[in-house]
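Here are a few notes to read alongside the model. Have a look at it, then go through the points below.

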Amino acid sequence: MRTVIFYLTQDGQTEKIAYKIAAELGNCKLVSLREQPNFPHEELLEFDKIVIGASIRYGRFDPLLEKFIAQHQGLLNQKSSAFFSVNLTARKSNRNTPKTNTYTRKLLARIQWQPSLIAVIAGALRYPRYHWFDRIMIQFIMKITGGETDTQKEVEYTDWQQVATFSEQISQLP
């Protein structure tokens, strides 16, 4: 079975997770939607499973995500498919499921695609890598939400066992 994994990343954590899923599954093609936003529909037909991962920044998914989903929604609903959302809110146990994560829940209510499998995965906080504006804004958001505010730190909240379990679930899709 051939699988394609599309991802949209801001600071690299979603890409890192996509690569881990690909390593777990084997026989995958990885595609950055930022680099290939107009992936050919006819090429998408060649895959048995379609996985899409996207990160949140300032409470929003990249607009390319919904554009891609709208462009391919019919095929996405016909094939075995999975979606994973990556965000810092998911670092909290009461915000790390599709039902409890506001961003993921709102996206799924807006789009016409109903993935076979959905995961909400905690991302990473990379203060030293952010531009000054992002650093200040994210620090402010983290202060409000009780997160790390030391701008010298990098914190990876991703639960790699969760990623491995999600990968196993994808492999079990028909």
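1. Domain bounds here come from an automatic or database domain assignment. On that basis the chain splits into domain 1 (3-123 + 158-172) and domain 2 (125-157), with 24 Å between their C-alpha centres. The contact (heavy atoms within 4.5 Å) draws 13 residues from domain 1 and 15 residues from domain 2.

2. Before going on, a caveat: this is a predicted model, where local features need pLDDT of at least 70 and side-chain atom pairs count only at pLDDT 80 or more, while totals for chains, interfaces and linings use all residues. Residues are numbered from 1 along each chain as its sequence is written, and side-chain values use heavy atoms, with hydrogens and water left out.

3. How much area do domain 1 and domain 2 bury between them? About 1100 Å², 49% of it on carbon and sulfur atoms; buried area is the accessible area (1.4 Å probe) that two parts lose on being put together, summed over both. On the domain 1 side, Tyr58, Leu88 and Arg91 supply 50% of the area buried against domain 2, more than any other three residues.

4. Two salt bridges are counted between the domains, a salt bridge being a side-chain nitrogen of Lys or Arg within 4 Å of a carboxyl oxygen of Asp or Glu. Arg57 and Asp134 pair up in a salt bridge through their side chains, at 3.3 Å from N to O.

5. As for Ser55, its neighbours include Leu8, Phe61 and Val86, leaving aside residues up to four places away in sequence.
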